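The entries follow in the order of looking.

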Amino acid sequence: RPYLRGLGVNSSVPVYMRFTGRVRNLFISKGMLEKIIQEMWVSRYILHALHEDLPDIAKPGIVGGKAAAVALRCVTRNELTDHFDYGNVLYYEYARCPFQEFFHSYICERWLNATEWAYSLVDAMGRFKYDADVEMFYEVLNGNLPEEVFLDQTVMLHKFKKVLNLVDLPDEIVESWREQGVTLDLLDCLPFDTIMEEVSKFFHTKSQDQVESIRLALQRDIQILTDKEGVYGSCAVPWMDLFQQDNEGNQMSFVEALRDQHLEEVAIFMSSLSDAIDAAQQDGYCTPIAIKQQVLALDPHRPEE
């Protein structure tokens, strides 16, 4: 649609959408939307990342600015991830305002025609919500998910990449690949079965259906990456390529499956926790101890502190 209809100025309308009349649709592409979302995360977060080999980028004491931008770019664009141990991120903070207010302020500061950009961005999010990056931002913007889910998912993927990177392959497997004439860099490859074994161990709480969904996604990616129809098991999979994305921000099916399941699990946990807290209330009040008990009941592996 060339024009979008304004939702009015009622207080129930999000602050960034308050407008009466027609709004020109800028028809934002998926690639542009992904880029803007990444830039918004950079602006929203202040990250401390520590690595002795990058003193000018991420050393202790540097807050925001170049350090934050580089650190978060490493996350969102899968660049230089091995230079940062996101399991040891010192801390992160949010700007001191609700996420919707931040979204509104960001748009107003960046574009003169802020209303057009606000409506066009929301329209684009609706069109490209099938993508994990877009869906996560969209759900956070609408208040359906806490924004902590962004860093939680980022750390999860980075830790899993480190697990795959530490797998020590037997020499006989590498030798068999050479005999088969595999032309890929064998140091960056893992057998299909090995990747799935690591999936089952790292994501040990996933159901059989979830693991099977990941398996099918990996099979689809192998056909793209190795050009092999229906050959799995011990075949050489260039696993690092599974985490890459194209110019439109599209990722491989394997990573999309992991991210989609993560969002679904967070949404289910939040809903279950809300129901559990409501059930534990007495006279409309729930004590901190009762809330802690409900959290541990839903997630027994969570540290008590």
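I call a residue buried under 20% relative accessible area, exposed over 50% and partly exposed in between (1.4 Å probe, protein chains only). The model is predicted, so I note the limits: local features need pLDDT of at least 70, side-chain atom pairs count only at pLDDT 80 or more, and totals for chains, interfaces and linings use all residues. Residues are numbered from 1 along each chain as its sequence is written, and side-chain values use heavy atoms, with hydrogens and water left out.

Cysteines. I found Cys189 buried at 3%, while Cys108 is partly exposed at 38%. I looked for disulfides (cysteine sulfur atoms within 2.5 Å) and counted zero.

Rings. I paired rings of Phe, Tyr and Trp (its six-membered ring) with centres within 6.5 Å; planes under 30 degrees apart are stacked, over 60 edge-to-face, the rest tilted. The whole structure gave 17 aromatic pairs. Phe102 and Tyr106 are a tilted pair, because their planes stand at 50°, with centres 6.1 Å apart. Both lie in helix 3 (residues 99-110), four residues apart; helices are DSSP runs of H or I, at least four residues, and strands are runs of E, at least two, numbered from the N terminus. Phe102 is buried at 8%, and Tyr106 is buried at 12%.

Next I took Phe243 and Phe254, an edge-to-face pair at 6.4 Å and 85°. Phe243 lies in the loop between strand 6 (236-237) and helix 10 (253-280) and Phe254 in helix 10, so the pair ties together parts eleven residues apart in sequence. I noted Phe243 as buried at 3% and Phe254 as buried at 0%.
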